Amino acid sequence: VPPAFGLDQNHPNPFNSSAVIRFYLPQSEEVGLAVYNLAGQQVVPLANGPHLAGVYTVRWDGRNEADRELASGPYIYRLLVGEQTETRKLLLLR
């Protein structure tokens, strides 16, 4: 079990085909992890709902909820756990 809540920077960054995002939960919590465009619109949820304490790895392939490829450019991913939030930037290059 990790000692603290956390969200790692994705790798690789920038990415082309897929990015790996890792987050840590020291206790069981409701989790919301999603990718947003720079206008603040959610483009795809990556993890939602209850999660047990532990380390999680999520892979994102640069597609939206409708499974369409997104344009190259910067995106933001945000992890919301209880009252805690962490945000990171990632760069998609096609």
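View 1. At 0% relative accessibility, Phe-23 counts as buried, where buried means under 20% relative accessible area, exposed over 50% and partly exposed in between (1.4 Å probe, protein chains only). The model is predicted: local features need pLDDT of at least 70 and side-chain atom pairs count only at pLDDT 80 or more, whereas totals for chains, interfaces and linings use all residues. Residues are numbered from 1 along each chain as its sequence is written, and side-chain values use heavy atoms, with hydrogens and water left out. The structure holds 3 aromatic pairs (rings of Phe, Tyr and Trp, the last by its six-membered ring, with centres within 6.5 Å; planes under 30 degrees apart are stacked, over 60 edge-to-face, the rest tilted). The ring centres of Phe-23 and Tyr-56 lie 5.3 Å apart with planes at 15°, so this pair is stacked. Because Phe-23 belongs to strand 2 and Tyr-56 to strand 5, the pair ties together parts that are 33 residues apart in sequence. Tyr-56, at 22% relative accessibility, counts as partly exposed.

**View 2. The ring pair of Trp-60 and Tyr-75.** The ring centres of Trp-60 and Tyr-75 are 5.9 Å apart and their planes stand at 75°, so the pair is edge-to-face. Trp-60 lies in strand 5 and Tyr-75 in strand 6, so parts 15 residues apart in sequence are tied together. Trp-60 counts as buried at 2% relative accessibility, as does Tyr-75 at 8%. Phe-15, Trp-60 and Tyr-75 form one aromatic cluster.

**View 3. The largest nonpolar core.** This core (buried Ala, Val, Leu, Ile, Met, Phe, Trp, Tyr and Cys residues joined through side-chain atoms within 4.5 Å) has 23 residues, of which Phe-23, Leu-33, Val-35, Leu-46, Trp-60 and Leu-79 touch the most other members. At least two of its residues come from each of strands 2, 3, 4, 5, 6 and 7. Not counting residues up to four places away in sequence, Val-35 has contacts (heavy atoms within 4.5 Å) that include Leu-46, Trp-60 and Tyr-75.

View 4. Strand 6 (residues 73-81) and strand 7 (residues 84-92) pair in the antiparallel sense over 9 bridges. Strands are DSSP runs (E, at least two residues) numbered from the N terminus, and pairing requires at least two DSSP bridges. Between these strands lie 2 residues, and Gly-82 in the turn has a positive phi of about 60°. Val-81 stands opposite Gln-84 in strand 7.

Conventions:
Helices (H or I, at least four residues) and strands (E, at least two) are DSSP runs, numbered from the N terminus.
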